[in-house]
Amino acid sequence: MSEPSSGQAGGHQQDKAGFETRAIHAGWEPDPTTGAVIPPIFTTSTYKQDGVGGLRGGYEYSRSANPTRTALEQTVAALELGERGFAFASGLAAEDTLVRATCTPGDHVVIPDDAYGGTFRLFDKVEKPWGLDYTTAPVADTEAVAAAIEPGRTRLVWLETPTNPLLGVGDIEALAAVAHDAGALLVVDNTFASSYLQQPLTLGADVVVHSTTKYAGGHSDVVGGALAVRDADLAERLAFHQNSIGAVAGAFDSWLVLRGLKTLAVRMERHCDNAEAVVAFLEGDPRVAEVIYPGLAAHPGHEVASRQMKRFGGIVSFRHASGEQAALDACGRAEVFTLAESLGGIESLIEHPGRMTHASVAGTSLEVPADLVRLSVGIETVDDLLADLDQALG
Ligand SMILES: *Cc1c(COP(=O)(O)O)cnc(C)c1O
């Protein structure tokens, strides 16, 4: 391992250290006074100045910066191999801040045609009335995304990969080239893959978005969001907007996400192991019409996912062979899998996207199949997960 990073040094010195080492050591050095190995939760709104303007470590007011949040932001940057990271009160707060820092009314963005429901609602119901136009495109089809771009007007090409809940895979490297040719930035929502399985900035993306509520926090006990960027000017604009809009992560929430990130690698390995076992089980079951998982050779995004992801993640979707009611019944019968929205926690979750997470896109081009069930495969004993699915399928 190279030198541990100092409090203000960012992730760069740690670029040569392994992912797990960065996750555990970036952004914090044992406290010089007490030796505390973990950053305290700095529950303070303001900071004493040594004479007017004499800030200690740059800290002035906790909307602008807070040491617990700084530790998280530096860890996010170190894990995404970015210039700088930013932590927000939620994934959607991060998204809105990013949009307002990079777009003005009259601009245009391209978003996935199966975007996370909340992201679609943000663009459709909040950013569009503000004056930002959008076009949807299937992220798995690079040419379709290119065709949706309006050169000179499109500011952002927004990518989720894998997408939610249909697990479409976008080619980050190819889409970065397409976006850059048109003078747009490529934004990658890396929530589903997590920083461990995929590092979009190293593939040409300009901005990484996370709902840290999911795998980054990993324990279903916090709502948060993050951004990571590699360009210093863009980082400055984001820092200005983060402070001006003020949707920052609080100290308690920052601490929880930071704690989650330290075990991200081992959790993701187990999520992937269990998801692979679930996929194998569902693939062999006649009650299941189709299993959707990028790790399957037959998945249309398998080849691209193999190139840009370390493994294929913990989210598995499937279509019940007996239709919508059977899919709803399976969600209701599951016991080890908890019927709930969200994903990425240690516990397995099951949900019906059409009636739950994606209800807000019903009747639009983003509507999902009615017989679709989405699983967030947790890290419980795998045999218990398989037995539960067996009884839940009916
Ligand atoms: C949950 C989620 C979001 C929104 O994040 P919040 O923390 O709920 O605001 C954005 N993108 C994806 C892919 C998500 O799963």
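Because the model is predicted, local features require a pLDDT of at least 70 and side-chain atom pairs a pLDDT of 80 or more, while totals for chains, interfaces and linings use all residues. Residues are numbered from 1 along each chain as its sequence is written, and side-chain values use heavy atoms, with hydrogens and water left out.

The mean pLDDT (the predictor's confidence in each residue, from 0 to 100) is 94 for the protein, and 96% of the residues reach 70 or more. Over residues 1–13, however, the pLDDT is below 50, although this stretch has 34 contacts in the model beyond near neighbours in sequence; a contact means heavy atoms within 4.5 Å. Where pLDDT is low, the predicted coordinates should not be read in detail.

Helices (H or I, at least four residues) and strands (E, at least two) are DSSP runs, numbered from the N terminus. Helix 9 comprises twelve residues, 251–262. From its first C-alpha to its last, helix 9 reaches 17 Å, close to the 16 Å expected at 1.5 Å a residue; the expected span is 1.5 Å times one less than the number of residues. Its buried residues (under 20% relative accessible area, where exposed is over 50% and partly exposed in between, with a 1.4 Å probe and protein chains only) are Ala-251, Ser-254, Val-257, Leu-258, Gly-260 and Leu-261. Their cover includes helix 1 (19–25), helix 2 (67–80) and helix 10 (264–283).

The structure holds three cavities of 30 Å³ or more. A cavity is a set of points, on a 1 Å grid over the protein atoms alone, where a 1.4 Å probe fits but cannot get out, and lining residues have an atom within 4 Å of a point. Grid points are joined across faces, edges and corners, and a volume is the space filled by probe spheres set on the points. The largest cavity has a volume of about 70 Å³. Its lining includes Val-76, Ser-194, His-210 and Leu-261.

Ser-194 has a positive phi of about 75° although it is not a glycine. This residue lies in helix 7 and is buried, with a relative accessible area of 2%. Ser-220 also has a positive phi, near 50°, but is partly exposed, with a relative accessible area of 45%.

Note on methods
On a 1 Å grid over the protein atoms alone, a cavity is a set of points where a 1.4 Å probe fits but cannot get out, and a pocket is an open set with protein on both sides within 12 Å along at least five of seven lines; lining residues have an atom within 4 Å of a point.
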